Structure formats: C-alpha cells, structure tokens
Amino acid sequence: MTTAGELLGRLVGLDRDELAKVLAHRPDVLAEPWPRRLDVVAARLAAPESVDEALLGLSTPQAQVLRAVQLCDALSQAPVPLGDVGELLGGAAVESFVDELAERALLWCEAGEVVLPEVLQRHSFRAEGLGQPVADLLAELTTIQRAHLARNLGVAPKDLVRHFRDGDRVRELFATAPEPTRKVLRDMADGVPEVDGMPPLGWALDHGFLFGTYYGGTAMPIEVALALRGPDHRLPFTPAEPECAVAHVGTEAGEATSSAAALRLLDRVSAILELAAAEPLPLLKDGTIGTRLVKKVAKDIGATPAEVELAIDLAAQAGLLLADEPPVPRRGHKAPPPTLAPDPDLARPAPALLYRLLLTTWWNPVPPEHGTDVDAFVRRLLVRLLARLEPGTAVTGDLTSLAAWHAPLLPTDDLAAHVATAVAEGELLGVFAHGAVTAAGRALLSGDQLVEVTDALVARARTTALFGTDLTAIVPGSPDARLAALLDRAADREAQGTATSWRFSPASVRRAFDQGATAAELLDDLGAIAAGELPQPLVYLVNDVARRHGEAQVIDVASVVVGEPAVLAELAAHRKLAKLGLRSVAPTVLTSTVDATGTLEALREAGYAPTRHAADGSIVLPAREQPEPTAVLRDADPGDLPPDPADHAERLLAAPASGPALLRGQLARAMSDRYAGRLTPKQQQLCWQLEAGIPVDVVYRADGAEPARLVIAYPELDGDVLDVWSLGDRAYRRLELARIDLAQTSTALSRA
C-alpha cells in the first residue's frame with residue numbers, strides 16, 4: 001500500500017479536532033486550491049516536499065523519538081511496540097512525543113504499537129553511525145552463500161535474522177574472534193558502519209559480522225553494531241529544552257525602540273527610492289547588490305551598510321524596485337550592467353502600508369527554487385520562541401543553542417550565523433528590541449492586528465523640528481517621511497540616533513532652488529514643520545541665496561551665459577572657469593565651449609548660483625515628476641489570511657473521502673455532447689488543458705445574470721456539472737456544462 005493510501009485510511013478515522021490538529025501542523029496541505037477531499041489531503045501529506053517541511057519543524061526529542069522508531073522499524077519490519085522505542089532511548093517515557101508526531105501525520109499509534117508510513121521508513125542509518133539491517137544484507141546473498149553462513153553459525157538458514165538479533169549470542173561469538181579482528185570490529189561498531197574495499201578479515205566475513213556490498217565495500221549490520229556496543233547502549237535523548245536566562249527590558253522602552261527602527265527603515269527605503277528614481281542603481285553582472293554600491297548609497301543617505309542592504313533587498317522583493325536587464329549589446333560593444341529603478345506604474349504607498357509591506361516581505365520572502373530558505377526559517381523560529389515570553393522580556397542566554405534544540409534537522413553548518421543575521425535584521429525592522437519580541441513581531445506571528453500595530457508605530461514619528469540660530473534643525477526622535485524629505489531637500493543631514501540633525505548652508509538652500517522651490521514656498525514649508533518661529537539667520541540665508549540665485553543664466557543654445565556685465569566680466573576673468581573657454585559676445589552674453597550641463601556644474605563649483613534656461617528663456621527644472629502611477633498597493637484582504645484548520649476539517653469530513661479522477665478525453669466528450677457536435681480544435685485544446693491542470697478562460701451564463709468571465713482549473717466531472725477551482729473567486733464552483741462557453745484564449749498560468 002502506498003503512503004497516500006495508508007494516510008487516507010488513518011485520516012478517515014479522525015474526528016474534527018484531530019484532523020484540525022493535523023492540518024494546523026501541516027499548513028502547506030491547505031495551499032490553494034483547497035483540497036476537495038481527504039484523498040487529496042493524504043496525497044499532499046505524503047508528498048516528499050511536505051514531509052521534509054514537517055521534519056524541519058520537529059524539536060530535538062521529537063526527532064530523536066522518530067529516529068528510534070525508524071531504527072526499530074528497520075530491525076523488526078513490523079509495527080514497533082512503544083516499549084521497544086522507550087528502551088532504545090534509555091527507558092524514557094515517549095508516549096507524549098509519539099502523540100505529537102502522530103498529530104503531524106508522521107506516524108500513528110494503535111494498541112501500544114507504532115506504525116511508520118512508507119515514505120519515512122529507512123534502510124540505512126549512517127548518520128547515526130549505523131549501517132543496514134541484517135535482513136537487507138542477507139537478501140543480497142545467494143542461496144548458497146546464506147547456507148554457508150548458516151553452517152558457520154550453526155543455525156538453520158531461516159533462523160539467521162533471529163540469530164543476529166540475539167545480542168548475547170553475537171557477543172559470545174565475538175569473544176572467539178582473533179584479537180586483531182576484534183579490534184577492527186570494535187572500531188567499526190563505534191561509528192564506521194561501512195568501509196571501501198574488502199579488508200582481510202576472513203573470520204568476520206565467514207561469521208556474518210561483516211558483509212560485502214554490491215558496490216565493493218564492506219558493511220557491518222546494525223544488529224552486530226548494537227550488540228558490540230553492549231546491552232547498556234542507548235540512543236541519545238534530550239527531552240528538556242536548554243535553559244536560557246531571561247531579563248525584563250521594559251515594554252515601553254522596547255516599543256519606542258521598535259518605532260524608531262521602523263521609522264528609520266522607512267526613511268532609508270524612501271531615500272533609496274528617490275536616489276534610484278534620479279539615477280538607477282547599477283548592479284553586478286549576476287544581478288546582485290555590490291558592496292561598493294551599498295557603501296556609496298549608505299554614504300549618500302547617511303545610513304549604515306546593513307540598513308542599506310536590507311532596505312534594497314526588501315524593496316526589490318516587494319516590487320518597489322525593479323531590475324532592468326540591459327539589451328544584448330552589438331558586436332564589439334560592452335554590455336551595460338543591470339540596474340534597479342522604481343516601478344513607474346506603482347504609486348508610492350503610505351508610510352504605514354509601506355512598513356507593513358516591508359515587514360511581510362521579510363517574514364514571507366520569495367521562496368528559493370530549490371532547498372530550504374534557512375534565514376526565513378530561523379527568523380520565524382526566533383520570533384515564535386521569544387514570543388512565548390511576556391512582552392518586554394528578553395532572552396539573555398545562548399539563542400543558538402535554543403534554536404538548535406528546536407530545529408535539529410535544519411540543513412545548515414553555521415546556525416549561529418543565521419541566528420545573528422535574523423536578530424540583526426529583526427532589530428532594523430523593529431521586530432526585536434533589546435532582545436525581546438515587539439508588538440510588531442507578535443502581530444506577524446499571529447496574523448492579527450498587524451494594521452493597528454504598524455499604524456501605531458508609524459504614528460510615533462515626529463512631524464516638527466526644532467530650528468536653531470546656528471542654522472541647524474533637530475528632530476528629537478524619528479522624523480516622518482515628509483519631514484525628512486523636506487529637510488533633506490534644503491539641508492544636509494549631520495547626525496542621527498535618538499535625535500536627527502540637519503544643517504543649512506548656501507549650497508543646500510541653493511539645491512532646493514535648483515529643484516524648483518522659491519524663497520516664499522521654502523520659508524512657508526519650513527515654517528509649517530517648525531515647532532516655533534523660524535530663526536532670523538535662516539530666513540536671511542534663504543532670502544540671500546534667493547537674491548543671488550539666477551545671477552547668471554546658462555542657456556541651451558551652444559552654451560550661452562547671460563547676466564549682468566559686471567558679473568560676466570568677473571566670470572570671464574575667473575581662473576577656475578578658464579576650461580570653459582568663456583568669450584564675451586555682448587555686454588550681457590558669454591559663450592562657452594562646454595555644454596550647458598558642464599558649464600552649470602563648473603559655475604556652481606566656483607561658488608556661483610546660476611540657473612539653467614531653455615532656448616525660449618524658460619527655466620529648466622530637474623526631472624522630478626514621474627508618470628501618473630496606474631497601480632496602488634493595498635492591505636491584504638481577509639481571504640489572504642491563513643486558512644482556519646478547524647473550518648477545513650469540518651468541510652473535509654462532510655465530503656466523500658475520495659472521488660473519481662478525470663480521464664483523458666472525458667471532458668472533451670462531455671463538452672462535445674453539450675455542443676451537439678464536434679468541438680473546434682481550439683475548444684478541444686482548452687478541454688485538454690483543463691484535464692492537464694492548466695487554467696483556462698471560460699464564459700459562464702447563469703440564470704438572470706450577465707455572462708461572467710472565469711478562469712478555472714482542476715476540474716471534476718459530475719454528470720452534467722463541472723466542479724472547478726475558480727482563480728478569481730478563490731473557491732470551488734459548480735458549473736453546468738450547458739451554460740459554459742469556452743473562450744478562445746487561455747491564461748498563461750500553469751497553477752491555480
């Protein structure tokens with residue numbers, strides 16, 4: 001019987017609560033489309049990918065009990081008594097752990113005996129320092145070889161397995177072996193179950209202590225290794241969770257730190273999006289973020305490299321930054337590097353929504369094509385472990401040991417590095433603060449109140465600044481995105497931490513004017529964010545720069561400089577501007593040998609404040625306006641929340657346990673009868689696509705309703721009704737064949 005068949009037989013005997021526990025422990029089973037019946041649940045539970053995911057979630061004692069059951073099963077080839085499992089683990093009480101494994105559908109227990117599904121049965125235990133069961137090794141021998149071995153041991157051929165399972169008899173026979181042979185056998189029994197080649201140990205081979213393998217090696221049976229280890233040998237069993245010291249760090253302090261981290265991250269992401277909008281960020285040839293780029297962006301926006309790397313990575317995964325692959329270059333030309341730039345069709349989300357998007361992207365990142373995302377697994381594990389403590393309580397002990405106890409089967413050789421990465425990123429996101437899980441982390445874990453929590457965090461942002469007479473602006477706490485953007489536009493950021501400060505200078509104010517601001521607009525905007533009156537030195541600075549702004553005009557006509565005669569005479573005689581080749585063609589006009597952009601930059605570097613004008617004399621402003629976005633991000637709908645295992649358990653138990661499969665051509669024949677004639681080739685193709693599990697478009701005409709365009713998949717035929725999964729409705733629908741019109745196009749999707 002297959003594993004799926006075995007599981008189905010067990011599932012039909014569960015009640016609602018028992019089935020709900022299985023579905024809760026194996027949530028991947030409830031992936032869309034929902035399983036129709038228990039036979040689909042059983043097939044998904046038996047899938048190797050689902051089993052591997054379930055094994056990753058086992059704690060150390062659960063994994064140790066499962067290994068013991070697998071070993072007993074391999075030795076006995078029959079249901080395993082619970083007492084044998086406990087004895088192998090030192091007489092431990094294993095009933096509770098067996099029950100936990102049964103709730104995960106990894107085994108089942110009846111009348112004190114444990115049964116393993118076929119998919120979890122093992123025939124090699126090299127990871128435990130053991131080899132193969134003697135029954136498997138005997139099966140590779142010929143009849144003559146088995147008879148020869150039985151004569152050497154003085155038993156009947158049918159009693160060979162029973163002989164090797166008698167530890168006392170094996171040890172008595174071992175005592176008669178030559179001393180050099182006994183030494184080699186002890187070494188192999190201690191953890192080297194198989195060696196390459198055939199060692200000169202004729203006695204061991206003749207008496208079944210070693211067997212030659214199909215691949216030319218030499219193996220020691222599990223029964224022999226266990227017997228030589230002695231009757232007191234037990235498998236390791238550590239049922240107690242490692243103790244970790246905890247400390248109360250304060251709920252209010254933690255939430256304040258979380259809010260500051262969230263706002264700082266929003267500031268970093270917003271600044272990076274602005275930089276990428278002005279000039280796309282170059283990537284390495286393999287499409288990854290280079291260290292030089294990270295350091296440059298960090299310097300430009302006043303952030304740390306870790307903040308920049310996390311912000312770029314999350315923004316790219318969330319679709320806020322899109323990678324642009326350059327076209328294939330012409331022969332002899334070098335290909336430009338790929339770049340990252342904001343999606344022009346996507347409207348910038350509000351701060352709270354943006355923060356939720358970054359949080360959920362970090363929590364559920366894009367899965368890898370192959371293998372396990374260890375970083376994502378570890379971050380979710382740490383949040384779950386720390387969330388067991390009271391709010392404001394942190395673990396001060398070794399988190400790596402705690403994580404290793406809860407995830408012993410995680411495929412990594414450096415768990416400490418993954419734990420450190422998860423904690424560091426969690427602190428930058430506001431999920432962890434001072435070693436404790438914050439309200440944001442608890443909301444991620446539960447899936448409840450995420451909107452309320454994130455709104456409250458972002459609401460802590462400061463919307464006003466303190467302006468000083470020394471031309472500084474200080475924001476005690478974390479500034480909101482609008483406040484930070486305005487100050488970054490007209491001032492230079494100097495320090496950040498518990499407070500962020502900016503300093504105004506002629507160059508920074510001129511930068512705001514270069515982007516289209518006027519003195520009145522800039523003073524009004526600054527006054528709106530000031531906690532009091534703007535200091536006079538700042539007002540004087542803005543007005544003074546405004547008076548000088550435009551004292552020289554760079555015109556896009558062969559780079560002509562226009563201004564007052566005295567100013568132009570000064571420009572023409574300026575040594576630093578000699579490279580421009582300025583020449584007077586009129587009292588108020590100079591020409592330059594450099595284009596308008598280069599002339600503009602040279603004049604600004606020399607301390608002047610020129611403006612750029614088009615050929616018609618109108619001022620040229622930097623390209624700031626983006627095309628009108630066509631896509632808007634929204635919070636998740638209620639249907640996006642994790643499915644309720646109890647509701648699905650009730651639904652599944654009310655449905656038949658199994659159903660007929662749709663045979664090839666069956667749907668096409670049914671639709672042909674509906675059309676009272678032969679289907680067109682296109683209609684036949686769509687029927688075959690449906691039978692193959694590929695979504696297709698149909699038009700459904702229900703009574704009293706307008707025709708509805710549906711994308712359907714996973715059909716089942718029930719007489720004149722087609723039961724299908726509707727991608728738009730995210731639910732199953734029953735459609736009458738007589739009311740279905742096959743559209744002439746199919747979707748590009750391959751999975752519902």
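The model is predicted, so local features need pLDDT of at least 70 and side-chain atom pairs count only at pLDDT 80 or more, while totals for chains, interfaces and linings use all residues. Residues are numbered from 1 along each chain as its sequence is written, and side-chain values use heavy atoms, with hydrogens and water left out.

**Exercise 1.** Describe the interface of domain 1 and domain 2 by its area and its salt bridges.

*Solution.* Begin with the bounds, which come from an automatic or database domain assignment: domain 1 covers 3–122 and domain 2 covers 127–229. Their centres, taken over C-alpha atoms, are 32 Å apart. Next, count contacts (heavy atoms within 4.5 Å), which join six residues of domain 1 to seven of domain 2. The buried area, meaning the accessible area (1.4 Å probe) lost on putting the two parts together and summed over both, is about 600 Å², with 58% from carbon and sulfur atoms. Of the area that domain 1 buries here, Leu-71, Leu-75 and Arg-122 supply 65%, more than any other three residues. Finally, apply the salt-bridge rule (a side-chain nitrogen of Lys or Arg within 4 Å of a carboxyl oxygen of Asp or Glu); the count between these domains is two. Elsewhere in the listing, the side chains of Arg-67 and Glu-128 form a salt bridge at 3.3 Å, N to O.

**Exercise 2.** Classify the ring pair of Trp-203 and Phe-209.

*Solution.* Rings of Phe, Tyr and Trp (its six-membered ring) pair if their centres lie within 6.5 Å, and planes under 30 degrees apart count as stacked, over 60 as edge-to-face and the rest as tilted. This rule gives seven aromatic pairs. For Trp-203 and Phe-209 the centres are 5.2 Å apart and the planes at 35 degrees, so the pair is tilted.
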